[in-house]
Amino acid sequence: MTTSPARSPRLLLIVTVVLVVAGAILLTVPQTPSAPAAPAPPRATAPTAHPTATAPSARTAQASAPAQATASTASTRSAGASALPPHGEGVAGDAAIQKSLEDAWPADLAADDEHKLLAAGRGLLRADATGVGRAKWPALFDNPDQAIAPAFATARFRIQAAVARRDASPDKAVVHLVWAGTDRGGTYTDRRITDWYFARTSSKGASTWTPQPRI
């Protein structure tokens, strides 16, 4: 009975040390979750989302390409139309009209043929509109020596631009003319259009361009 008091404190100390060590071990060991966490979605699904999202963009880009081309063509045509001078511009705008004709119909005749055709086309237009020089083409104008009231006055008559080009074959040509004039009623109009057609004929080994009657 005399040893009980001595053992009791020692026993308590040992129990206390054991409890402290056990608590420390429990604190250091990670706790296992009671329920497993929901698994993260597999990464394989992530790449499949990108084609789905980008495919409409690719299709939209392909579909918009023709629209952009159409818009570009429309803007080009609009720019060409706006390049022409306004009506009533006068002599200052003739160069722009000449360039527009040359851009629309690239040259396809020999320089000598083009020069002859332009000279004949200009003369025919003047004779037809004002009556001046009709005697040079008796086959085209009936009674050229007879006084004929001209449809347009000579005072404000002006050829603004002209080009000569082939007409479906090497032996046919057309002279396309843009001109201005005042009619009998006193109305001045510019950028009028007239075409004169020619056919190549041969006489005594020489070829000439013969104007064709107006229909």
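Arg158 has Ala180 in β2 as its bridge partner. Helices (H or I, at least four residues) and strands (E, at least two) are DSSP runs, numbered from the N terminus. This is a predicted model, in which local features need pLDDT of at least 70 and side-chain atom pairs count only at pLDDT 80 or more, while totals for chains, interfaces and linings use all residues. Residues are numbered from 1 along each chain as its sequence is written, and side-chain values use heavy atoms, with hydrogens and water left out.

Eight bridges link β1 to β2, and the two run antiparallel; strands count as paired if DSSP finds at least two bridges between them. Five residues lie between the strands of this hairpin, where Ala168 takes a positive phi near 75°. Of the 11 residues of β2, 10 are buried, that is, under 20% relative accessible area with a 1.4 Å probe and protein chains only (exposed is over 50%, partly exposed in between).

## The sheet as a whole

Strands of a sheet pair through backbone hydrogen bonds, either parallel or antiparallel. Here the open sheet has four strands in the order β1-β2-β3-β4, with antiparallel pairing. Because β1 (158-166) and β4 (206-211) stand at the edges with a single partner strand each, one side of each has no neighbour in the sheet. On average, neighbouring strands are turned by 25° against each other, direction ignored.

β2 and β3 pair over 10 bridges, and Trp179 stands opposite Arg192 in β3. Their hairpin also has a turn residue with positive phi: Gly186, at about 85°. Six bridges join β3 to β4, and Ala199 stands opposite Thr210 in β4.

## Helices against the sheet

Helix α3 (residues 94-104) packs on the sheet and touches β1, β2 (172-182) and β3, contact meaning heavy atoms within 4.5 Å. The direction of α3 makes about 15° with that of β1. Axes are lines fitted to C-alpha atoms, for helices over the stretch in contact, and angles run from 0 to 180 degrees between N-to-C directions. Helix α4 (residues 111-130) lies across β1, β2, β3 and β4, at about 125° to β3.

## Asp190

Asp190 belongs to strand β3 (residues 188-203). Asp190 is buried but has no salt bridge, and Arg158, the nearest side chain of opposite charge, is 5.5 Å away. A salt bridge requires a side-chain nitrogen of Lys or Arg within 4 Å of a carboxyl oxygen of Asp or Glu. Lys and Arg count as positive, Asp and Glu as negative; His and the chain ends are not counted.

The side chains of Asp190 and His87 make a polar contact of 2.8 Å (N or O atoms within 3.5 Å; within protein, one able to donate a hydrogen and the other to accept it, with residues adjacent in sequence counting only if both atoms are side-chain atoms). Leaving out residues up to four places away in sequence, Asp190 touches several residues, among them Pro86, Gln160 and Trp179.
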